[in-house]
Amino acid sequence: MTPITLYTNTPEFYNDICEEIRLFFSADQIILKENPITPAPPDQRYFSHTVSEQNGKGRSETVIYNDSAASSPGIAFFELDKADPIAAKRQKKAAVKLSTYLALKALTGKQPLWGALTGIRPTKLLREQENRTGISEAKRYLIKTLEVSEDRYRLAKQIIDRQRPIIDTAGDNAMDIYINIPFCPSRCAYCSFLSAVTSEGDPVQQVYMDMLIKEIKAMSPVIAAHHIRSVYIGGGTPTSLDDAQFERLLHIIKAHIPHVPEFTVEAGRPDTITPEKLACMRRHQVTRISINPQTFRDSTLTRVGRNHSIEDFNRAYRLAKANGFDHINIDLIFGLPGERLRDMKRSLKKAIRQKPESITIHTLAIKNASKLTRDIAYSEKEAVVLKAVDDGRKTCEKQGLYPYYMYRQKYMKGNLENVGYCKPGNESVYNIDMMEEVCSVLALGAGAISKRVYPSGGRLERCANVKDIKGYIDRINEMIATKKAHFGF
C-alpha cells in the first residue's frame with residue numbers, strides 16, 4: 001500500500017479530505033504535514049490542497065503528486081458569504097471535498113456511483129436541498145455538482161418521497177428511544193460494535209441491567225415531556241440476556257412508556273430466540289422484531305463466527321410467526337468473504353420466500369475494530385457486489401418490497417449503501433427518524449448517543465454515554481446528570 005501524505009492550509013477539513021481520498025484508495029492512515037513538501041516525495045502519493053480568495057470568491061484547489069508527476073488539479077469555488085458564516089462554512093467544506101474528488105477522478109479515471117458524496121445520509125441531504133431550493137435545483141446539485149449517478153439519485157428520490165408522510169407526522173416534541181444491550185453469544189468477524197461476549201446468567205449482565213434500569217427511571221421526566229414515536233432495543237444482541245433480565249427490561253419500558261406505536265427488538269441472532277423470549281415480547285406488546293441470518297450459506301456463517309446455522313434461522317422464524325409476530329425484518333449482508341454472486345442472489349431468494357414484512361440489504365463495511373481485515377474482506381471483486389445490490393433492488397421491488405430508508409458507512413465495499421425494503425405500510429418509523437434526524441433521540445445504555453433536535457433552527461446536539469461497559473457502570477450518575485441537562489431538566 002503506497003503511503004499517502006497530505007498538506008492543506010485548512011487543516012480543519014483534514015477529515016473531509018481523507019473521506020474523499022478513501023473513495024478511491026484503501027488508506028488506513030493519511031499523514032498530515034504542517035508545511036508543503038518540495039519536491040514531492042517520489043515514494044509516496046502526495047496531496048497538496050489550498051484554499052484562497054480569487055475575484056471575490058473562495059477557491060479550493062487540490063493537486064496530487066504521484067511518482068513526482070502532478071495530476072490534473074481539482075478546482076471548486078464557493079461563496080464568501082459574510083452575512084451567513086454558517087452557510088459560508090458549509091459551502092467551503094463542499095468545495096474542499098469537491099476539489100479533492102475532481103483531482104482523484106482525473107488521476108484514477110474512476111467515478112463512484114455516489115460521486116463526491118461521502119456522508120452517511122444521502123437522503124437527508126437531498127430532502128433538505130429540495131426544501132431549500134426546490135426539486136429541480138436539488139437534482140441538478142446532486143447530479144451535476146456532486147456527480148451522483150442518475151441511478152443513485154433516483155434511488156434517493158424514491159426513498160424520500162416514501163418517507164415524507166411519516167416525517168411530516170413528527171411534531172416539535174417528538175422523540176424516539178434507543179436502548180443498547182451490548183452483549184452477544186459470540187463476536188462476528190465483521191462486527192465493529194462495542195459488545196461483550198457473554199452467556200446467559202453472566203453476572204456482568206445483571207450489574208449492567210441494574211445501571212440501565214436506573215438510567216431509564218431517571219429519564220422518566222424527559223420521556224413524559226415528549227411524544228414517543230418508537231422504542232428500539234438494539235445492541236449487541238438483546239435476546240442474549242437471560243429470561244429474567246429480558247423480562248425485567250421489557251417490563252420497565254412498558255411501565256414508563258405504556259403506549260408506544262412502534263416497539264422493536266433486535267432479536268438478530270437466531271440462536272438466542274426461544275419460546276420464552278418470544279412470549280415475553282408478546283406480553284409486552286413488541287410490534288416488530290428482526291431475525292438476521294446475514295447469509296443463507298452455512299459455510300459463510302462459520303467463517304465469520306456467527307455460531308448458528310440456517311436451520312437455526314428457519315426454526316426461529318417459524319417460531320416467531322407461530323407466536324403471532326406480524327412484522328419481522330430480515331437482515332442480509334452482501335460482500336461477505338468467499339461469497340459469489342449466486343450466493344448473494346440465493347440468500348435474497350430464500351429470505352423473500354419467508355414472506356417477511358421488511359428486508360434490509362447491507363453492503364459489507366469493515367471498520368478498524370473488526371476482526372476481519374479490509375485486505376481480506378475486499379479481495380472479492382467489487383463489481384460482483386454492485387451487481388448483487390442492483391439485482392437485489394429489482395428483485396425486492398418485483399416482490400412488492402420497496403426501498404424506504406438508506407444509509408452509508410465508511411469502508412463500504414464499492415462505496416455502495418445499505419437499503420431497507422418493506423411492504424407498503426410497514427415502514428419503520430425508528431429507522432426513518434434515525435437516518436433523517438427529524439426528531440430527538442433519547443439513547444440509553446453503554447455507548448448510546450442521544451440527540452436533541454431543535455426543529456425551528458435545524459440545529460442538532462449530541463450527548464454520548466461512555467462506550468465501555470465498566471465505564472458505563474462506574475459513571476452512571478455522571479451520565480444521568482449530563483443527559484438531564486442536555487434535554488433541559
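Biologist: How many aromatic pairs does a search of the whole structure find?

Modeller: Please keep in mind that this is a predicted model. A pair of aromatic rings is described by the distance of the centres and the angle of the planes. Searching the whole structure gives 11 aromatic pairs. In one of them, Tyr208 and Tyr472 have ring centres 5.2 Å apart and planes at 40 degrees, so this pair is tilted.

Biologist: Which parts does the pair of Tyr208 and Tyr472 tie together?

Modeller: Tyr208 belongs to helix α6 and Tyr472 to helix α16 (residues 469-474), so the pair joins parts that lie 264 residues apart in sequence. Tyr208 is buried, at a relative accessible area of 0%, and Tyr472 is likewise buried at 0%. Tyr405 and Tyr407 form a stacked pair, with 6.2 Å between the centres and 20 degrees between the planes; both residues are buried. Ring pairs also link Tyr178, Tyr232 and Tyr430 into a cluster.

Biologist: Where do the charged ends of side chains sit over rings?

Modeller: The charged end of Arg282 is placed over the ring of Phe325, 5.6 Å from its centre. Lys277 lies over the face of Phe246, at 5.9 Å from the ring centre.

Biologist: Which residues touch the most other members of the largest nonpolar core?

Modeller: That core has 88 residues, and those touching the most other members are Ile179, Ile181, Leu212, Leu249 and Ile289. Helix α6 (residues 203-218) supplies the largest share of this core, 7 residues. A second, separate core of 24 residues includes Cys18, Ile30, Ile64 and Ala116.

Biologist: With which residues is Ile181 in contact, leaving aside its neighbours within four places in sequence?

Modeller: Among them are Tyr208, Leu212, Thr237 and Leu249. Thr237 lies in the loop between β10 (227-235) and α8 (243-256), and is buried, with a relative accessible area of 3%. Beyond its own sequence neighbours within four places, Thr237 is in contact with Ile181, Phe183, Cys184, Pro185, Arg269 and Thr272.

Definitions and conventions:
Residues numbered from 1 in each chain as written. Predicted model: local features only at pLDDT ≥ 70, side-chain atom pairs only at ≥ 80, totals over all residues. Heavy atoms only, no water. Core = buried A, V, L, I, M, F, W, Y, C linked by side-chain atoms within 4.5 Å. Buried < 20%, exposed > 50% of the residue type's maximum accessible area, 1.4 Å probe, protein only. Helix = DSSP H or I, 4+ residues; strand = E, 2+ residues; numbered from the N terminus. Contact = heavy atoms within 4.5 Å. Phe/Tyr/Trp six-rings, centres within 6.5 Å; stacked < 30°, edge-to-face > 60°. Lys NZ or Arg CZ within 6 Å of the ring centre and 35° of its normal.
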